[in-house]
Amino acid sequence: MAKNNETTSVKLYRSDYVMQGIAHVVLMTLTLLALLPFLLLTIASFTEEETAIRNGFTFFPEKWGLGAYQYLAGEWSQIGHAYMITIVVTVLGTTLCLIFTTLLAYGLTRDILGKRFFNFYVVFTMLFRGGLVASYFVWTRYFHIKDTLWALILPNMLISAFNIILIKNYFQTSVPESLIESAKIDGAGEFKTFYSIVLPLSKPILATIGLMSAIGYWNEWTNGLYYVEDGSLYTIQLVLNQINESAQFLASNSAQMGQMLNGTASIPTTTMRMAIAVVAILPILIAYPFFQKYFVKGITIGAVKG
(Lines give C-alpha, C1' and ligand atoms only; values in the text may rest on other atoms or scores of the structure.)
Protein backbone atom coordinates (compact mmCIF):
# COMPACT_ATOMS: atom_id res chain seq x y z
CA MET A 1 0.00 0.00 0.00
CA ALA A 2 2.77 2.41 0.90
CA LYS A 3 4.55 1.64 -2.36
CA ASN A 4 1.41 2.39 -4.36
CA ASN A 5 0.95 5.71 -2.57
CA GLU A 6 4.57 6.62 -3.28
CA THR A 7 4.17 5.73 -6.98
CA THR A 8 1.02 7.85 -7.20
CA SER A 9 2.80 10.79 -5.56
CA VAL A 10 5.66 10.55 -8.06
CA LYS A 11 3.22 10.49 -10.98
CA LEU A 12 1.40 13.55 -9.62
CA TYR A 13 4.71 15.34 -9.10
CA ARG A 14 5.77 14.61 -12.67
CA SER A 15 2.37 15.69 -13.99
CA ASP A 16 2.63 19.01 -12.10
CA TYR A 17 6.16 19.48 -13.39
CA VAL A 18 5.04 18.92 -16.99
CA MET A 19 2.10 21.31 -16.61
CA GLN A 20 4.36 23.98 -15.13
CA GLY A 21 6.78 23.51 -18.01
CA ILE A 22 4.00 23.90 -20.56
CA ALA A 23 2.70 26.99 -18.76
CA HIS A 24 6.17 28.56 -18.78
CA VAL A 25 6.60 27.86 -22.50
CA VAL A 26 3.20 29.38 -23.30
CA LEU A 27 3.85 32.48 -21.17
CA MET A 28 7.33 32.96 -22.62
CA THR A 29 5.90 32.68 -26.14
CA LEU A 30 3.19 35.25 -25.39
CA THR A 31 5.77 37.57 -23.83
CA LEU A 32 7.98 37.29 -26.88
CA LEU A 33 5.05 38.01 -29.18
CA ALA A 34 4.23 41.10 -27.11
CA LEU A 35 7.82 42.37 -27.20
CA LEU A 36 8.50 41.75 -30.90
CA PRO A 37 6.45 44.77 -32.13
CA PHE A 38 8.38 47.11 -29.82
CA LEU A 39 11.66 45.58 -30.94
CA LEU A 40 10.72 46.02 -34.60
CA LEU A 41 9.62 49.58 -33.88
CA THR A 42 12.99 50.43 -32.32
CA ILE A 43 15.01 48.76 -35.08
CA ALA A 44 12.93 50.52 -37.73
CA SER A 45 13.67 53.89 -36.14
CA PHE A 46 17.42 53.19 -36.54
CA THR A 47 17.08 52.04 -40.16
CA GLU A 48 18.50 54.20 -42.95
CA GLU A 49 15.69 56.02 -44.77
CA GLU A 50 16.31 54.75 -48.30
CA THR A 51 16.72 51.21 -47.04
CA ALA A 52 13.40 51.41 -45.21
CA ILE A 53 11.65 52.74 -48.32
CA ARG A 54 13.18 50.10 -50.57
CA ASN A 55 12.92 47.01 -48.34
CA GLY A 56 10.41 47.97 -45.71
CA PHE A 57 10.95 47.46 -41.98
CA THR A 58 12.78 44.28 -40.95
CA PHE A 59 14.57 42.99 -37.87
CA PHE A 60 17.85 42.90 -39.84
CA PRO A 61 18.09 46.04 -42.00
CA GLU A 62 20.75 46.27 -44.68
CA LYS A 63 21.87 49.69 -43.50
CA TRP A 64 21.51 51.51 -40.20
CA GLY A 65 20.99 55.25 -39.84
CA LEU A 66 20.37 58.00 -37.29
CA GLY A 67 18.64 60.41 -39.64
CA ALA A 68 15.30 60.26 -37.83
CA TYR A 69 16.83 60.98 -34.43
CA GLN A 70 19.06 63.70 -35.85
CA TYR A 71 15.99 65.45 -37.18
CA LEU A 72 14.24 65.12 -33.82
CA ALA A 73 17.38 66.39 -32.06
CA GLY A 74 17.20 69.50 -34.21
CA GLU A 75 13.69 70.07 -32.88
CA TRP A 76 14.62 69.25 -29.27
CA SER A 77 13.99 72.73 -27.88
CA GLN A 78 10.34 72.30 -28.73
CA ILE A 79 10.24 68.62 -27.84
CA GLY A 80 11.98 69.18 -24.49
CA HIS A 81 9.47 71.87 -23.54
CA ALA A 82 6.63 69.56 -24.53
CA TYR A 83 8.16 66.82 -22.38
CA MET A 84 8.11 69.13 -19.36
CA ILE A 85 4.48 70.07 -20.01
CA THR A 86 3.56 66.39 -20.34
CA ILE A 87 5.39 65.48 -17.12
CA VAL A 88 3.65 68.27 -15.20
CA VAL A 89 0.24 67.29 -16.59
CA THR A 90 0.83 63.60 -15.90
CA VAL A 91 2.05 64.08 -12.32
CA LEU A 92 -0.56 66.69 -11.38
CA GLY A 93 -3.41 64.91 -13.14
CA THR A 94 -2.54 61.52 -11.65
CA THR A 95 -2.21 62.98 -8.15
CA LEU A 96 -5.58 64.76 -8.35
CA CYS A 97 -7.17 61.66 -9.88
CA LEU A 98 -6.00 59.50 -6.97
CA ILE A 99 -7.12 62.04 -4.37
CA PHE A 100 -10.65 62.57 -5.69
CA THR A 101 -11.20 58.97 -6.75
CA THR A 102 -10.11 57.41 -3.45
CA LEU A 103 -12.13 59.91 -1.40
CA LEU A 104 -15.30 59.23 -3.38
CA ALA A 105 -14.72 55.46 -3.40
CA TYR A 106 -14.18 55.41 0.37
CA GLY A 107 -17.31 57.49 0.91
CA LEU A 108 -19.34 54.98 -1.07
CA THR A 109 -18.25 52.22 1.30
CA ARG A 110 -19.52 54.07 4.37
CA ASP A 111 -23.09 54.64 5.58
CA ILE A 112 -23.54 58.21 4.38
CA LEU A 113 -26.62 60.22 3.47
CA GLY A 114 -27.45 59.76 -0.22
CA LYS A 115 -25.22 56.72 -0.70
CA ARG A 116 -27.68 55.03 -3.08
CA PHE A 117 -27.94 58.17 -5.19
CA PHE A 118 -24.16 58.57 -5.50
CA ASN A 119 -23.74 54.89 -6.39
CA PHE A 120 -26.37 55.28 -9.10
CA TYR A 121 -24.74 58.49 -10.34
CA VAL A 122 -21.34 56.80 -10.71
CA VAL A 123 -22.80 53.89 -12.69
CA PHE A 124 -24.97 56.25 -14.77
CA THR A 125 -21.91 58.14 -16.02
CA MET A 126 -20.54 54.85 -17.38
CA LEU A 127 -23.61 54.43 -19.57
CA PHE A 128 -24.34 57.98 -20.72
CA ARG A 129 -22.11 60.95 -21.53
CA GLY A 130 -22.84 64.55 -22.41
CA GLY A 131 -21.17 64.36 -25.81
CA LEU A 132 -18.35 66.37 -27.32
CA VAL A 133 -20.33 69.50 -28.20
CA ALA A 134 -21.96 69.83 -24.80
CA SER A 135 -18.68 69.10 -23.00
CA TYR A 136 -16.78 71.63 -25.08
CA PHE A 137 -19.44 74.29 -24.42
CA VAL A 138 -19.40 73.70 -20.65
CA TRP A 139 -15.60 73.59 -20.29
CA THR A 140 -14.98 76.69 -22.40
CA ARG A 141 -18.01 78.85 -21.58
CA TYR A 142 -18.44 78.20 -17.86
CA PHE A 143 -15.08 76.88 -16.64
CA HIS A 144 -12.90 78.94 -19.02
CA ILE A 145 -10.17 76.32 -19.29
CA LYS A 146 -9.28 76.95 -22.92
CA ASP A 147 -5.56 77.61 -23.46
CA THR A 148 -4.75 76.81 -19.83
CA LEU A 149 -2.94 73.91 -18.21
CA TRP A 150 -6.24 72.74 -16.71
CA ALA A 151 -7.52 72.01 -20.21
CA LEU A 152 -5.07 69.12 -20.32
CA ILE A 153 -6.08 67.79 -16.88
CA LEU A 154 -9.76 68.27 -16.10
CA PRO A 155 -11.74 66.87 -19.06
CA ASN A 156 -12.28 63.12 -19.50
CA MET A 157 -9.78 61.55 -17.11
CA LEU A 158 -9.78 63.29 -13.73
CA ILE A 159 -12.48 61.03 -12.25
CA SER A 160 -13.42 57.73 -13.90
CA ALA A 161 -16.38 55.63 -12.82
CA PHE A 162 -14.40 52.49 -13.64
CA ASN A 163 -11.58 53.55 -11.30
CA ILE A 164 -14.04 54.43 -8.57
CA ILE A 165 -15.65 50.98 -8.72
CA LEU A 166 -12.26 49.24 -8.68
CA ILE A 167 -11.11 51.14 -5.59
CA LYS A 168 -14.49 50.78 -3.88
CA ASN A 169 -14.43 47.00 -4.34
CA TYR A 170 -10.85 46.87 -3.07
CA PHE A 171 -11.77 48.79 0.08
CA GLN A 172 -14.70 46.46 0.72
CA THR A 173 -12.84 43.18 0.13
CA SER A 174 -9.25 43.88 1.21
CA VAL A 175 -9.45 46.36 4.09
CA PRO A 176 -10.73 44.57 7.24
CA GLU A 177 -13.74 46.31 8.70
CA SER A 178 -12.47 45.39 12.17
CA LEU A 179 -9.49 47.73 11.72
CA ILE A 180 -11.78 50.62 10.82
CA GLU A 181 -14.02 49.89 13.82
CA SER A 182 -10.97 49.69 16.10
CA ALA A 183 -9.79 53.09 14.86
CA LYS A 184 -13.21 54.58 15.58
CA ILE A 185 -13.19 53.08 19.08
CA ASP A 186 -9.83 54.78 19.64
CA GLY A 187 -11.43 58.09 18.69
CA ALA A 188 -10.25 58.47 15.10
CA GLY A 189 -12.56 60.28 12.71
CA GLU A 190 -13.30 59.28 9.13
CA PHE A 191 -10.42 61.27 7.61
CA LYS A 192 -7.96 60.03 10.23
CA THR A 193 -9.08 56.45 9.59
CA PHE A 194 -8.86 56.97 5.86
CA TYR A 195 -5.32 58.35 5.86
CA SER A 196 -3.91 56.20 8.67
CA ILE A 197 -5.59 52.84 8.10
CA VAL A 198 -7.17 52.55 4.67
CA LEU A 199 -4.58 54.17 2.41
CA PRO A 200 -1.52 52.31 3.78
CA LEU A 201 -3.34 49.01 3.12
CA SER A 202 -4.31 50.04 -0.41
CA LYS A 203 -0.94 50.37 -2.13
CA PRO A 204 -1.71 47.74 -4.82
CA ILE A 205 -4.91 49.39 -6.03
CA LEU A 206 -3.44 52.89 -5.73
CA ALA A 207 -0.44 51.87 -7.84
CA THR A 208 -2.79 50.24 -10.35
CA ILE A 209 -5.05 53.26 -10.74
CA GLY A 210 -2.07 55.60 -10.65
CA LEU A 211 -0.35 53.74 -13.48
CA MET A 212 -3.51 53.59 -15.58
CA SER A 213 -4.15 57.28 -15.04
CA ALA A 214 -0.54 58.24 -15.78
CA ILE A 215 -0.57 56.27 -19.05
CA GLY A 216 -3.82 57.95 -19.99
CA TYR A 217 -2.47 61.44 -19.32
CA TRP A 218 0.82 60.69 -21.07
CA ASN A 219 -0.88 59.44 -24.23
CA GLU A 220 -3.74 61.96 -24.20
CA TRP A 221 -3.87 64.32 -27.18
CA THR A 222 -7.58 64.97 -27.79
CA ASN A 223 -7.85 67.50 -24.94
CA GLY A 224 -5.02 69.50 -26.46
CA LEU A 225 -6.62 69.24 -29.88
CA TYR A 226 -9.95 70.57 -28.61
CA TYR A 227 -8.99 73.07 -25.95
CA VAL A 228 -5.42 74.26 -26.62
CA GLU A 229 -4.27 76.63 -29.35
CA ASP A 230 -1.26 78.05 -27.51
CA GLY A 231 1.84 76.20 -28.74
CA SER A 232 3.61 76.69 -25.40
CA LEU A 233 1.08 74.32 -23.82
CA TYR A 234 1.49 71.52 -26.35
CA THR A 235 2.19 68.09 -24.89
CA ILE A 236 4.69 65.65 -26.34
CA GLN A 237 1.98 63.81 -28.26
CA LEU A 238 0.75 66.99 -29.93
CA VAL A 239 4.26 68.21 -30.76
CA LEU A 240 5.42 64.90 -32.22
CA ASN A 241 2.26 64.61 -34.30
CA GLN A 242 2.78 68.16 -35.54
CA ILE A 243 6.41 67.44 -36.43
CA ASN A 244 5.35 64.32 -38.30
CA GLU A 245 2.73 66.20 -40.32
CA SER A 246 5.11 69.11 -41.01
CA ALA A 247 7.86 66.79 -42.20
CA GLN A 248 5.50 65.03 -44.59
CA PHE A 249 4.26 68.36 -45.91
CA LEU A 250 7.76 69.74 -46.46
CA ALA A 251 9.04 66.57 -48.07
CA SER A 252 6.12 66.26 -50.50
CA ASN A 253 6.19 69.94 -51.46
CA SER A 254 9.95 70.04 -51.95
CA ALA A 255 9.77 67.00 -54.22
CA GLN A 256 7.04 68.61 -56.31
CA MET A 257 9.01 71.84 -56.66
CA GLY A 258 12.23 70.01 -57.55
CA GLN A 259 14.14 71.31 -54.54
CA MET A 260 16.05 68.08 -54.02
CA LEU A 261 19.31 69.83 -53.22
CA ASN A 262 18.00 72.05 -50.46
CA GLY A 263 17.93 69.26 -47.90
CA THR A 264 14.21 69.53 -47.32
CA ALA A 265 13.34 66.45 -49.31
CA SER A 266 15.84 64.40 -47.33
CA ILE A 267 13.71 64.59 -44.22
CA PRO A 268 13.38 60.95 -43.04
CA THR A 269 9.60 60.87 -42.93
CA THR A 270 9.37 57.06 -43.05
CA THR A 271 11.74 56.20 -40.21
CA MET A 272 10.82 59.34 -38.30
CA ARG A 273 7.36 57.95 -37.60
CA MET A 274 9.04 55.07 -35.81
CA ALA A 275 11.43 57.37 -33.94
CA ILE A 276 8.49 59.53 -32.82
CA ALA A 277 6.73 56.45 -31.44
CA VAL A 278 9.90 55.37 -29.59
CA VAL A 279 10.36 58.80 -28.05
CA ALA A 280 6.72 58.91 -26.96
CA ILE A 281 6.48 55.47 -25.33
CA LEU A 282 9.98 55.20 -23.81
CA PRO A 283 9.11 56.77 -20.41
CA ILE A 284 6.11 54.45 -20.00
CA LEU A 285 8.18 51.39 -20.87
CA ILE A 286 10.75 52.41 -18.26
CA ALA A 287 8.19 53.09 -15.52
CA TYR A 288 5.90 50.10 -16.04
CA PRO A 289 8.15 47.33 -14.60
CA PHE A 290 8.32 49.16 -11.25
CA PHE A 291 4.52 49.08 -10.92
CA GLN A 292 3.83 45.68 -12.48
CA LYS A 293 3.49 43.65 -9.27
CA TYR A 294 1.07 46.19 -7.79
CA PHE A 295 -0.75 46.49 -11.11
CA VAL A 296 -1.55 42.76 -11.38
CA LYS A 297 -2.57 42.41 -7.73
CA GLY A 298 -4.68 45.57 -7.74
CA ILE A 299 -6.56 44.65 -10.91
CA THR A 300 -7.24 41.12 -9.62
CA ILE A 301 -8.55 42.15 -6.22
CA GLY A 302 -10.28 45.36 -7.30
CA ALA A 303 -12.23 43.56 -10.00
CA VAL A 304 -14.00 41.32 -7.46
CA LYS A 305 -17.63 42.25 -6.98
CA GLY A 306 -18.37 44.01 -3.72
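Guide: We shall discuss the overall fold, then a pair of helices, then a loop. This is a predicted model, in which local features need pLDDT of at least 70 and side-chain atom pairs count only at pLDDT 80 or more, while totals for chains, interfaces and linings use all residues. Residues are numbered from 1 along each chain as its sequence is written, and side-chain values use heavy atoms, with hydrogens and water left out.

Visitor: How many helices and strands are there in the protein chain?

Guide: Helices (H or I, at least four residues) and strands (E, at least two) are DSSP runs, numbered from the N terminus. Here the protein chain has 13 helices and 0 strands.

Visitor: What percentage of the residues in the protein chain is buried?

Guide: Buried means under 20% relative accessible area, exposed over 50%, and partly exposed in between (1.4 Å probe, protein chains only). Of the 306 residues in the protein chain, 34% are buried.

Visitor: How is the packing of two helices described?

Guide: Two packed helices are described by the angle between their axes and the distance between the axes. Axes are lines fitted to C-alpha atoms, for helices over the stretch in contact, and angles run from 0 to 180 degrees between N-to-C directions. In this model, the axes of α8 (residues 177-185) and α9 (residues 190-198) come within 10 Å and cross at roughly 130°. Therefore α8 is oblique to α9; angles under 35 degrees count as roughly parallel, over 145 as roughly antiparallel, 65 to 115 as roughly perpendicular and the rest as oblique.

Visitor: Which residues of α8 and α9 meet?

Guide: Contact means heavy atoms within 4.5 Å. L179, I180, A183 and K184 in α8 meet E190, T193, I197 and V198 in α9.

Visitor: Why does H144 count as exposed?

Guide: H144 counts as exposed because its relative accessibility is 56%. D147, at 31%, counts as partly exposed.

Visitor: Which residues does W150 touch?

Guide: W150 is found in the loop between α6 (132-142) and α7 (161-174). Leaving aside residues up to four places away in sequence, W150 touches L92, L96, I145 and P155. At 41% relative accessibility, W150 counts as partly exposed.
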